[in-house]
Amino acid sequence: MHISEGILSAPVLIGGAVIAAGGIGIGVKKLDYDRIPQVAVLSSAFFVASLVHVPIGPSSVHLILNGLLGLLLGWTAFPAIVIALFLQAVLFQFGGLTTLGVNTVTMALPAVFCYLVFRKGVMSNERWVSMVSSFLCGAGAVFVAGTLVALALMSTGKSFSAAAKVIVVAHIPVMAIEGIITTLCVRFLKKVKPEVLEVTHG
Amino acid sequence: MVRSLKENVDLLRYSHSSSLRTSGKGTEAGYFTRSRLMGIAGSIILFLLCFSVPAFAHRVYLYAWVEGNTVYTESYFSGGMKVKNGLIEVFDAAGKKLVEGRTNDKGEFSFRIPEKTDLRIVINASMGHRGEYTVKADELGGTSPPETEKEQALKATKTESRSPVQIDTDQIRKIVEEALDSRLKPIAQSIARLQEKKGPGLTEVVGGIGYIFGIMGLLFYFKGRKK
């Protein structure tokens with residue numbers, strides 16, 4: 001879902017960079033000393049996830065894990081994702097340096113969004129509510145990310161609905177997988193140490 | 001596999017607890033929660049790594065080679081999937097569009113050389129993916145169309161029939177060039193294939209993770225000094 005260099009126009013790139021800078025600012029402010037390792041580990045997970053190619057579906061797609069990052073990191077998902085995206089751009093040539101801002105926004109904003117929307121549901125004591133919320137958090141973050149990418153591509157003259165359809169359809173398997181991964185992570189954390197989720201939300 | 005993950009979890013836990021001890025900030029409860037999380041996330045990374053070697057990647061690759069007066073291109077995602085119906089545009093050195101077309105089901109697209117300039121070939125796959133490859137003008141230079149060569153050779157025989165030695169060397173040169181051309185084509189093609197990258201290797205992946213932890217260390221250093 002990385003947008004390559006040389007596709008988007010300057011206003012979109014600058015707009016993306018400004019929004020990303022804002023998100024990173026909030027994230028860094030909220031990042032306290034004790035959470036640094038967590039952010040680093042999840043940043044690495046995000047960095048590696050893009051290498052996991054999902055061979056199902058009409059197009060070439062990979063895992064994103066932004067829903068999981070959002071759920072466990074909240075606003076600090078922004079710095080975690082921007083670092084991972086920067087390294088992906090430099091080392092893998094995924095995306096690009098000029099599109100770093102836009103790509104950060106398209107992946108980190110849905111992470112924060114899903115964190116804010118589904119946090120309560122995930123924390124619920126009702127097992128089913130928690131599981132469904134976790135699944136929706138993982139899958140929804142990918143869905144929103146796809147929609148944002150389509151929105152960014154709209155500036156290239158493509159119609160939003162067509163681009164969004166292509167992206168969302170291609171990512172249906174990814175959404176399912178990430179929903180399951182997020183659900184399993186939450187269930188595991190709740191079983192082993194339920195405070196983890198609350199602590200990370202502090 | 002399972003054992004190695006467990007070991008990794010333990011390793012992370014120990015390394016983390018020691019870092020906390022030195023920083024002298026960890027409470028007992030905080031230490032357990034964080035280390036658990038670290039362990040899980042570490043396992044996720046390991047799990048992902050297992051699947052990503054050989055690395056699958058997400059990027060569009062395009063490579064091109066010249067045969068006679070035609071440029072052949074092939075485009076694919078680095079997961080190996082061909083780019084079907086991708087938009088190919090060919091620009092000259094000044095950025096003027098010369099050729100446009102779409103790739104077939106095998107990700108291939110070929111076109112006649114429109115001009116002898118540097119040809120910048122750009123592939124636009126769906127979802128904002130883009131790749132490009134430049135064919136240098138001198139790569140095109142050595143391979144002028146065979147028909148015209150023959151015509152020139154014929155002309156040469158007609159006009160310069162007075163000096164037979166001259167003609168012979170000229171003709172020989174043409175013949176040799178043609179023969180070399182056909183012999184070198186597969187080599188040129190395989191060089192083009194060699195240039196293609198198969199996506200990031202383990203070095204890049206591990207290096208990237210190393211960078212992230214390096215940044216973590218830096219943050220610890222600066223945040224720690226403030227307090």
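How far does helix 4 (residues 77-92) of chain A reach from its first C-alpha to its last? Helix 4 of chain A has 16 residues and reaches 21 Å, close to the 22 Å expected at 1.5 Å a residue. The expected span is 1.5 Å times one less than the number of residues.

This is a predicted model: local features need pLDDT of at least 70, side-chain atom pairs count only at pLDDT 80 or more, and totals for chains, interfaces and linings use all residues. Residues are numbered from 1 along each chain as its sequence is written, while chains are lettered from A and ligands numbered from 1 in the order in which they are written.

- Helices (H or I, at least four residues) and strands (E, at least two) are DSSP runs, numbered from the N terminus.
- A residue is buried if 20 or more other C-beta atoms lie within 10 Å of its own, exposed if 12 or fewer, and partly exposed in between; C-beta atoms are placed from the backbone.
- In helix 4 of chain A, 14 of the 16 residues are buried, so this helix is largely enclosed by the rest of the structure.
- Leu65(A) sits in the loop between strand 2 (61-62) and helix 3 (66-73) of chain A.
- Phi of Leu65(A) is near 65°, a positive value in a residue other than glycine.
- Leu65(A) counts as buried because it has 31 C-beta neighbours inside 10 Å.

**Chain A: a helix pair**

- Helix 6 (residues 127-153) and helix 7 (residues 160-170) of chain A pack at about 145°, with their axes 8 Å apart.
- Axes are lines fitted to C-alpha atoms, for helices over the stretch in contact, and angles run from 0 to 180 degrees between N-to-C directions.
- The contact includes Phe143(A) and Leu153(A) of helix 6 of chain A, and Phe160(A) and Ile167(A) of helix 7 of chain A.
- Two residues are in contact if their C-beta atoms, placed from the backbone, lie within 7 Å.

**Chain B: overview and sheet**

- Chain B has 6 helices and 7 strands.
- Along the sequence, the pattern of chain B is α-α-β-β-β-β-β-β-β-α-α-α-α.
- Of its 227 residues, 27% count as buried.
- An open sheet of 4 strands in chain B has the order 4-3-6-7, with antiparallel pairing.
- Its edge strands are strand 4 (97-102) and strand 7 (129-135), each pairing on one side only.
- Two strands pair if DSSP finds at least two bridges between them.
- Strand 6 (residues 119-125) and strand 7 of chain B pair over 7 bridges, and Asn124(B) stands opposite Arg130(B).
- Strand 3 (residues 87-91) and strand 4 of chain B pair over 5 bridges, and Phe91(B) stands opposite Lys97(B).
- Of the 6 residues of strand 4 of chain B, the number buried is 0, so this strand lies largely in the open.

**Chain B: loops around strand 3**

- Strands 3 and 4 of chain B form a hairpin with 5 residues between them, and Gly95(B) in the turn has a positive phi of about 95°.
- Lys96(B) lies in the loop between these strands and is exposed, with 10 other C-beta atoms within 10 Å.
- Lys96(B) and Arg120(B) are 24 residues apart in sequence and 9.9 Å apart in space, C-alpha to C-alpha.
- Asn85(B) lies in the loop between strand 2 (70-77) and strand 3 of chain B.
- Asn85(B) has a positive phi, near 55°, and is exposed, with 11 other C-beta atoms within 10 Å.
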